[in-house]
Protein chains: 2
Amino acid sequence: MIKKKFLLATTNQGKIKEIKDYLADLPLEIVSLQQLSPKPIFIEKGKTFQENARGKSLYYSQQHSLLTLTEDSGLEIEYLGGAPGVFSSRFSGPRATDEKNIRKVLKLMKGVPPDKRKAQFVSCLALTTEGKTIKEIKESVKGIITLEKKGNYGFGYDPIFFYPPLKKTFAELLPAEKNRVSHRGRALKKLKEFLLLYLESEKKT
Amino acid sequence: MIKKKFLLATTNQGKIKEIKDYLADLPLEIVSLQQLSPKPIFIEKGKTFQENARGKSLYYSQQHSLLTLTEDSGLEIEYLGGAPGVFSSRFSGPRATDEKNIRKVLKLMKGVPPDKRKAQFVSCLALTTEGKTIKEIKESVKGIITLEKKGNYGFGYDPIFFYPPLKKTFAELLPAEKNRVSHRGRALKKLKEFLLLYLESEKKT
């Protein structure tokens, strides 16, 4: 089978793994930004996940003329007026790490009662080809910010994001379990349905 | 002189006063939402100040067929990833007051060093007539979140917004002083220039 070259335009290792696993059975040759040279750089300036996903997608597809997927995602905490939001990965500053970001959130949420700890993870996907974004998907999942870290799977804020239906944090879920319920998993499910139809229609033309 | 009827579509008393004062010398008969019956209600759902200002402006101008000005504004704190942002006036929940909002911000910023207390006030204006937004203006002013309240003028977060060039919080500035440097004052200055030309061109047609 001829595989279509497909640029997965993200440098986040956690996201690359989740997205590659999810799309593994499609006829795609997935290329990531690390495999390209020179590595183009896109500065995220959007006020929303959609703006960032769309902006990155258009930028990288223009650089490489490939079918390009980008994702922007993050955590929105109600008590913090939606923060960290688009700043999720750099919430603790220019040298942010998952660990430092989590510490900052737990400090800000110190003493905040359980009923005020509502949050949601949001994932926005944008798929672009030939200078046009042909599909945008936004999905979210609701949870509660825990009082401390729990679990060793996943990445980002997963250890402090408690998912009530499964009574576990996202970091306590096996990758396949997380994919079934997570914001990114839900968005990728829709993307996969779209890609199947798209690749089918490409074959015909 | 015939005054043009002009809807100032906000219910915030602090804003009404500042905007009315600023536009007092223009040939406008300024009507506020309180003077209209039934009072229409617009729920702000935008992710940005622009979206909210534009949305409100279109909505209210359709309800009343008047030249309509709306404003959305708020405080963006760098350490909080831009929060409270569009949630500024309801940051402390459904029964938010200026007092409660300020207390929440000071609590979240407790122990944060001076160099990490950067913030900006943002004001977005939208002017609409006959279903079209004819002018949008966005202005901002940079400051520092103080450790405690200072000053009795102004409203909102003014008592904890320190403005370095004048070495005072916005609540320590007299109304005219604040208007000269504030986000809203800067936006209103540009609006006034636009309105003068607009009213002039209307006279001719």
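Predicted model: local features only at pLDDT ≥ 70, side-chain atom pairs only at ≥ 80, totals over all residues.
I began with helix α3 of chain B, whose buried residues pack against α3 of chain A together with β3 and β5 of chain B. Contact here means heavy atoms within 4.5 Å. The buried residues of α3(B) are B:N101, B:I102, B:K104, B:V105, B:L106 and B:L108. I took buried as under 20% relative accessible area, exposed as over 50% and partly exposed as in between, with a 1.4 Å probe and protein chains only. Helices (H or I, at least four residues) and strands (E, at least two) are DSSP runs, numbered from the N terminus.

Residues are numbered from 1 along each chain as its sequence is written, chains are lettered from A and ligands numbered from 1 in the order in which they are written, and side-chain values use heavy atoms, with hydrogens and water left out.

**Core**

I looked up the largest nonpolar core, which has 46 residues. Such a core is a set of buried Ala, Val, Leu, Ile, Met, Phe, Trp, Tyr and Cys residues joined through side-chain atoms within 4.5 Å. The members that touch the most other members are A:I77, A:I145, B:I77 and B:I145. I then listed the contacts of A:I77, not counting residues up to four places away in sequence: A:G82, A:A83, A:P84, A:V105, A:M109, A:K118, A:A119 and A:I145.

**Cis peptide bonds**

Two residues on that contact list, A:A83 and A:P84, are joined by a cis peptide bond, with omega about 0 degrees. A:P84 sits in the loop between β3 (67-77) and α3 (98-108) of chain A. In chain B I found the bond from B:A83 to B:P84 to be cis, with omega near 0 degrees. B:P84 is in the loop between β3 (67-77) and α3 (98-108) of chain B. As background, most residues other than glycine have a negative phi, and most peptide bonds are trans.

**Positive phi in chain B**

B:S65 is not a glycine, yet its phi is positive, about 50 degrees. I placed B:S65 in the loop between α2 (49-64) and β3 of chain B. Its relative accessibility is 68%, so B:S65 counts as exposed.

B:E130 also has a positive phi, near 45 degrees. This residue lies in the loop between β4 (118-129) and β5 (132-145) of chain B. B:E130 has a relative accessible area of 79% and is therefore exposed.

In chain A I checked α1 (residues 13-23) against α5 (residues 183-204): the axes are 10 Å apart and the angle is about 40 degrees. α1(A) is therefore oblique to α5(A). Axes are lines fitted to C-alpha atoms, for helices over the stretch in contact, and angles run from 0 to 180 degrees between N-to-C directions. Angles under 35 degrees count as roughly parallel, over 145 as roughly antiparallel, 65 to 115 as roughly perpendicular and the rest as oblique. The crossing of α1(A) and α5(A) is right-handed; the term applies if the near helix is turned clockwise from the far one by less than a right angle, and left-handed if anticlockwise. On the α1(A) side the contact uses A:K15, A:E18, A:I19, A:Y22 and A:L23, and the α5(A) residues include A:L188, A:L191 and A:L195.

In chain B the axes of α1 (residues 13-23) and α5 (residues 183-204) come within 10 Å and cross at roughly 40 degrees. This makes α1(B) and α5(B) oblique to each other, and the crossing is right-handed.

**A:F42 and A:N52**

A:N52 is in helix α2 (residues 49-64) of chain A. Its relative accessible area is 1%, so A:N52 is buried. Apart from neighbours within four places in sequence, A:N52 is in contact with A:F42, A:E44, A:K45, A:G46, A:D72 and A:V86.

I followed this to A:F42, in the loop between β2 (28-32) and α2 of chain A. At 24% relative accessible area, A:F42 is partly exposed. Beyond four places in sequence, A:F42 touches A:N52, A:G55, A:K56, A:Y59 and A:Y60. A:F42 and A:Y59 are 17 residues apart along the chain, with their C-alpha atoms separated by 7.4 Å.
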